[in-house]
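Open the model in a viewer, with the sequence panel beside it. The stops below are given in the order in which to select them.

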Amino acid sequence: MTGLDGSFFRLHEKGADVFVRLTPKSSADRIGPVEQLSDGKAHLTARVRAVPDKGAANAALEKLLASELGLPRSDVKMVSGSTSRLKTVRLDGVPGKLRAVLEAIAAQAKPQN
């Protein structure tokens with residue numbers, strides 16, 4: 001997926017918003033692949049070991065994304081979906097660089113069989 005309409009992220013002047021489907025209580029922390037919902041919207045899948053209690057899974061997602069994207073933890077913030085599996089995470093940074101990193105991560109993230 002690229003940064004065009006219907007993709008798993010949207011660029012803006014201060015960075016990017018990433019649409020994520022989070023699965024807590026997983027056996028490992030991992031990112032990917034990009035999947036498409038029945039309504040045509042795409043999202044990056046993520047799994048974290050943390051439980052969805054008192055924001056622990058959301059914090060684990062922010063930490064995982066920061067690590068995977070090479071961003072400071074302070075540049076990754078959840079902006080919507082804190083109690084939902086579908087979340088929007090805001091990344092602060094240079095939009096062009098974020099696009100390249102997000103597209104590379106999506107290309108490397110293969111579906112788990």
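Select proline 33 first, which is found in strand β3; helices (H or I, at least four residues) and strands (E, at least two) are DSSP runs, numbered from the N terminus. The peptide bond that leads from glycine 32 into proline 33 is cis, with omega near 5 degrees. Most peptide bonds are trans.

This is a predicted model, in which local features need pLDDT of at least 70 and side-chain atom pairs count only at pLDDT 80 or more, while totals for chains, interfaces and linings use all residues. Residues are numbered from 1 along each chain as its sequence is written, and side-chain values use heavy atoms, with hydrogens and water left out.

Go back to the loop between β2 and β3, where lysine 25 is found. Its phi is near 55 degrees, a positive value in a residue other than glycine. Lysine 25 counts as exposed because its relative accessibility is 60%; exposed means over 50% relative accessible area, buried under 20%, and partly exposed in between (1.4 Å probe, protein chains only). Serine 26 lies in the loop between β2 and β3 (30-36) and is buried, with a relative accessible area of 15%. Show arginine 47 as well: its C-alpha atom is separated from that of serine 26 by 5.8 Å, although the two are 21 residues apart along the chain.

For another positive phi, select lysine 54, where the angle is about 55 degrees although the residue is not a glycine. Lysine 54 lies in the loop between β4 and α1 and counts as exposed, at 81% relative accessibility.

Now colour strand β2 (residues 15-23). Of its 9 residues, 8 are buried, so β2 is largely enclosed by the rest of the structure. Which strands pair with β2 in the antiparallel sense? One is β1, over 4 bridges, and another is strand β6 (residues 86-92), over 7 bridges; two strands pair if DSSP finds at least two bridges between them. β1 and β2 form a hairpin with 2 residues between them. Aspartate 17 in β2 is the bridge partner of arginine 10, and aspartate 17 also stands opposite arginine 90 in β6. With strand β4 (residues 42-47), β2 pairs in the parallel sense over 4 bridges; here valine 20 stands opposite leucine 44.

Move to serine 7, in the segment before β1 (9-12). Serine 7 counts as buried, at 7% relative accessibility. Its side chain reaches the backbone oxygen of phenylalanine 9 at 2.8 Å, a polar contact (a pair of N or O atoms within 3.5 Å; within protein, one must be able to donate a hydrogen and the other to accept it, and residues adjacent in sequence count only if both atoms are side-chain atoms).
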